[in-house]
Amino acid sequence: MRITMIGTGYVGLVSGACFSDFGHEVVCVDKDARKIELLHQNVMPIYEPGLADLVSSNVRAGRLSFTTDVAAGVKDADAVFIAVGTPSRRGDGHADLSYVFAAAREIAENITKPCVIVTKSTVPVGTGDEVERIMAEVAPNAGVMVASNPEFLREGAAIEDFKRPDRVVVGTDDPEARQVMGEIYRPLSLNKAAPLLFTGRRTAELIKYAANAFLAVKITFINEIADLCEQVGADVQEVSRGIGLDNRIGPKFLHAGPGYGGSCFPKDTLALLKTADDNDTPLRIVEATVQVNDSRKRAMGRKVIKACGGDVRGKTVAILGLTFKPNTDDMRDAPSIAIIQALQDGGAKVRAYDPEGVEQAKPMLQNVEFSANPYEAAADADAVVLVTEWDEFRALDLKRIKEGLKQPLLIDLRNVYPAEEVERAGLRGIGIGRIEPGARTDVLPEAKHGLENA
Ligand code: UDX
């Protein structure tokens, strides 16, 4: 199959590289000449493990190429994927579809034969209809079919997710389009890696938002349970395990932390709420999730201040990990931003270390001193806060961290370290949703009530 990918962001570049690795002939198109120039030199515009090797081997094999020229890109394509950004529209949270529609128009102006136009970008329900309308207006005789094929890959695990997805969703009622899409994804079904789920186009568009919203709800649920654990002397990791072993709940996405961030959950939950609003069908659980997650990030800053004795004026706090999760340099909606702001508002001096995110972080953070490694960040600080669970923070020499610190305090917002290990290193450890030393062991109000009535 000859495939064209419009947009070389996370989704476009990874999908394009993986499709070419399946043996398809792929042309990736981007307006950004600098990006294309760098891709020609095998310099990746994003940090994603394994991507540079995948791109270079498929370029060498002659199956993958890059261009800024839409006309050359879409010529003779069997399928043209739209994988451009759909950021939150400033002010109202609606997905900004201007890039999607501009891409559709350009494709329509340049197609040379009937093909499937596929929206891979996350787009609100009904966007496919609008793309179809644009096609009908600009290229009424081209014989194009419009399908939706949402992408579920995660940053940091993008190639693995693309090649071994839980499912592939394709939304179109057109039998010919289904056949083309079936052929494109056949390499996945050959090794029984993924069920191919054909649905209507609007259904496919909604599946993507519903999946992301559900995952955001799951994370936020366990985060609130973690807060309750701290109050009642329970352990959230054991609660997660205890509920996750129930097959109906499942063990994934039950890791309590400082709140979700990234390029998808915050944006997509907002866009889904807009769709819900526009259709007079409020999604109150998603509304609550968005609010709880937003306030959680700053609350984590207050948690650090409380751990420092309620006052951080003049104190130095070392932050380990800035990106919204490990294995990415993405800082979008990262909890570290709100945490650092809260600490600085409280008068703290902030020092930070991140393995990959510093370049992206610099324009987003003011007055932060960047360190070359975790030990340098911790030197002479009053507390260390582990914000992102990068692998290199999983086996820190805690004794060395402690020796460098002014106050022996580790606030572990990802529960990377068991409390005993922290204690053994001579540090006071504070995690998320855990029984901390000195936590309440008194009789809880409800139990007391029961006793009195006995
Ligand atoms: C997400 C979806 O997983 C993916 O399917 C979709 O295509 C895009 O959005 P991504 O944003 O790359 O992917 O990262 P993900 O690994 O899902 O993590 C999102 C956020 O949730 C991170 O901030 C992470 O730290 C947080 N998270 C995740 C938790 O706090 N706890 C968990 O148990 C899981």
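This report visits the ligand site, the salt bridges and a few single residues of a predicted model.

## Around the ligand

Let us start with the ligand. Which residues come nearest to it? Of the 18 residues around the ligand, the nearest are Phe 152, Leu 153, Glu 155, Lys 208 and His 255. By type, the shell holds nine nonpolar, three polar and six charged residues. Helix α10, which spans residues 201-232, gives the largest share of this shell, with three residues. Two domains take part as well: domain 1 (2-199) and domain 2 (213-430) each supply at least three residues of the shell.

Now zoom in on single atoms. Phe 152 places a backbone N or O atom 2.6 Å from an oxygen atom of the ligand. His 255 also uses a backbone N or O atom, which lies 2.8 Å from a nitrogen atom of the ligand. With Arg 414 it is the side chain that takes part: one of its polar atoms lies 2.9 Å from an oxygen atom of the ligand. How much of the ligand does the protein bury? On its own the ligand would expose 660 Å², and the protein buries 92% of that.

## Salt bridges

Next, look for side chains that pair up by charge. The structure holds 30 salt bridges. One of them joins the side chains of Arg 298 and Asp 345, with 2.9 Å from N to O. This pair links distant parts of the chain, 47 residues apart: Arg 298 belongs to helix α13 (residues 284-307), and Asp 345 belongs to helix α14 (residues 335-345). Arg 298 has a relative accessibility of 35%, so it counts as partly exposed. Asp 345 is partly exposed too, because its relative accessibility is 48%.

Another salt bridge connects Asp 330 and Arg 332, whose closest N and O atoms are 2.9 Å apart. Are these two partners buried or exposed? Asp 330 counts as buried because its relative accessibility is 6%, whereas Arg 332, with a relative accessible area of 43%, is partly exposed. A further bridge brings together the side chains of Lys 362 and Glu 359, at 3.8 Å from N to O. Here Lys 362 is partly exposed at 41% relative accessibility, while Glu 359 reaches 61% and therefore counts as exposed. Salt bridges can also share partners: Arg 105, Glu 130, Arg 133 and Glu 137 are joined into one network in this way.

Arg 201 has a relative accessibility of 13%, so it counts as buried; the cut-off for buried is under 20%. What does its side chain meet? A polar contact of 2.8 Å joins Arg 201 to the side chain of Asp 129, and another, of 3.1 Å, joins Arg 201 to the side chain of Glu 132.

## Residues in loops

Loops deserve a look as well. Two asparagines have a positive phi although they are not glycines: Asn 367, with phi near 55 degrees, and Asn 415, with phi of about 50 degrees. Where do they lie? Asn 367 is in the loop between α15 and β11 (368-370), and Asn 415 is in the loop between β13 (409-412) and α18 (419-424). Asn 367 is exposed because its relative accessible area is 71%. Asn 415, at 6% relative accessibility, counts as buried.

Ile 111 sits in the loop between α5 (98-110) and β5 (116-119), and it counts as buried at 15% relative accessibility. Ile 111 and Ala 95 are 16 residues apart along the chain, and their C-alpha atoms are separated by 26 Å. Glu 356 lies in the loop between β10 (349-353) and α15 (358-361) and is partly exposed, at 34% relative accessibility. Glu 356 and Lys 267 are 89 residues apart in sequence, and from C-alpha to C-alpha they are 23 Å apart in space.

Terms used
Residues numbered from 1 in each chain as written. Predicted model: local features only at pLDDT ≥ 70, side-chain atom pairs only at ≥ 80, totals over all residues. Heavy atoms only, no water. Near = heavy atom within 4 Å. Polar contact = N/O pair within 3.5 Å; in protein donor to acceptor, adjacent residues only side chain to side chain. Areas by Shrake-Rupley, 256 points an atom, 1.4 Å probe, with all protein chains shown as cover. Helix = DSSP H or I, 4+ residues; strand = E, 2+ residues; numbered from the N terminus. Nonpolar A, V, L, I, M, F, W, Y, C, P; charged D, E, K, R; others polar. Domains from an automatic or database assignment. Salt bridge = Lys/Arg side-chain N within 4 Å of Asp/Glu carboxyl O. Buried < 20%, exposed > 50% of the residue type's maximum accessible area, 1.4 Å probe, protein only.
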